[in-house]
Amino acid sequence: MVMKYLDPKADLTFKKIFGNHPKRLISLLNALLPLSEEEQIHEIKYLPTELVPQLEGGKNTIVDVLCTDVRGRKFCVEMQMEWSDAFQQRVLFNASKLYVSQAKKGGKYSELQPVYSLNLINDIFAHDTPDFIHNYRIVHDKDSNKVIEGLHFTFIELPKFTPHSIADKRMMVLWLRFLTEINSNTKEIPSDLLNDPEIGKAVEDLEVSGFTDAELRAYDKFWDSVSVERTLLDDRYQKGMEEGMEKGMEEGMKQGMAKGEEVGKSQRSIEIAKNMLAKGMDEATILEITGLTEDQILQIQ
């Protein structure tokens, strides 16, 4: 079977689709970010994807797609194949760096513009809810209407998405279908995806014929690395489960032995108390020597 399309979630294809097509990226951002009508994006300029620290010795990081709009707002887009806590921390680090980088010497803090971080995850990390879109802001712990503006985070769990999940947001559904339905096994693209101008052009960019042999090798190498990473994660998970069970058994044995010792000690104290009572010793002395309570002494009597 000859492959006709490449998967848009791969590093190579994702950057090709969204890294140099402003209208297409604007469509994606407006569809997936929680922006009101007044906050919609109309024009963007691409920025270098390498985030260089302001201070010497700081950490350089690279994101998939980065741009700014005419208001000065920053938009950072990441496609992530596997979820990890480290990725979540990196997202926070990058967004904070983008926010701080706006500050110029002598400038006003009031001039700082918001940073929006859009993160598409081809994995499930929130197992306790069917929701697949997770939006975060800095809010008051008792009143969510009180918000500190500046940093906005959106995480989307692609495997949870189903087209009927959001019937009222057509473009959101179309872009998420584009990201989840097209892969190397796809032979025919649904007409409603092709009929949208930007998504239709994005589909054309996924055609195998538009890639060089070197790019196709890089594409295959990317999926090989994803497969290896998943295998390692599964192995670590399995090992962690086994170690957890072993540790649980060890702890159970320790607790059992400790409980046994405690019961044995209590029985010995009771026997000693019985002997002391039989010899007519006073209660205060018995309590001090055995460590028993007054109720226990009464029960023995």
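# Calls and cut-offs in a predicted model

User: What makes Arg90 partly exposed rather than buried or exposed?

Analyst: This is a predicted model, and its relative accessibility for Arg90 is 30%. Buried means under 20% and exposed means over 50%. Arg90 falls in between, so the label is partly exposed.

User: Why is Glu78 called buried?

Analyst: Glu78 has a relative accessible area of 5%. The cut-off is under 20%, so Glu78 counts as buried.

User: How do you know that Glu78 and Arg90 form a salt bridge?

Analyst: Their closest N and O atoms are 2.9 Å apart. The limit is a Lys or Arg side-chain nitrogen within 4 Å of an Asp or Glu carboxyl oxygen, so the pair qualifies. In general, side chains of opposite charge can pair when their charged atoms come close.

User: What does the pair of Glu78 and Arg90 tie together?

Analyst: Glu78 lies in strand β5 and Arg90 in helix α3 (residues 85–100). The pair therefore ties together parts that are 12 residues apart in sequence.

User: What makes Arg24 and Asp205 a salt bridge?

Analyst: The closest N and O atoms of Arg24 and Asp205 are 2.7 Å apart. The cut-off is within 4 Å, so the pair passes. This pair links distant parts of the chain: Arg24 sits in helix α2, Asp205 in helix α6, 181 residues apart. Arg24 and Asp205 are both buried.

User: How do you know that Asp7 and Lys9 form a salt bridge, and are they buried or exposed?

Analyst: For Asp7 and Lys9, the closest N and O atoms are 3.1 Å apart. With the limit at 4 Å, the pair counts as a salt bridge, so the call holds. Both residues are buried.

User: Which residues touch the most other members of the largest nonpolar core?

Analyst: Phe18, Leu25, Leu29, Leu32, Leu118, Leu120 and Phe178, out of 49 residues. Elements giving two or more residues to this core include α1 (11–18), α2 (22–32), β4 (65–69), β5 (74–80) and α7 (213–278). The largest share, 7 residues, comes from α4.

User: What does Leu25 touch?

Analyst: Leaving out residues up to four places away in sequence, Leu25 touches Phe18, Ile44, Tyr46, Val65, Cys67 and Val77. There is also a second, separate core of 16 residues, with Val63, Leu98, Leu151 and Phe155 among them.

User: What makes β1 and β7 edge strands?

Analyst: β1 (44–46) and β7 (133–139) each pair on one side only. They belong to an open sheet of 6 strands, ordered β1-β4-β5-β6-β8-β7, with mixed pairing. The twist averages 20° from one strand to the next.

User: How do you know that β4 and β5 pair?

Analyst: β4 and β5 share 4 bridges, in the antiparallel sense. At least two bridges are needed, so these strands pair. Cys67 has Phe75, in β5, as its bridge partner.

User: Which helix lies across β1, β4, β5, β6 and β8 (147–157)?

Analyst: Helix α2 does, running at about 115° to β1.

User: How many helices and strands does the chain have, and what share of its residues is buried?

Analyst: The chain has 9 helices and 8 strands. Buried residues make up 37% of its 301 residues. Among contacts with a separation of 6 or more, 62% join residues 24 or more positions apart.

Terms used
Residues are numbered from 1 along each chain as its sequence is written. This is a predicted model: local features need pLDDT of at least 70, side-chain atom pairs count only at pLDDT 80 or more; totals for chains, interfaces and linings use all residues. Side-chain values use heavy atoms; hydrogens and water are left out. A nonpolar core is a set of buried Ala, Val, Leu, Ile, Met, Phe, Trp, Tyr and Cys residues joined through side-chain atoms within 4.5 Å. Buried means under 20% relative accessible area, exposed over 50%, partly exposed in between (1.4 Å probe, protein chains only). Contact means heavy atoms within 4.5 Å. Axes are lines fitted to C-alpha atoms, for helices over the stretch in contact, and angles run from 0 to 180 degrees between N-to-C directions.
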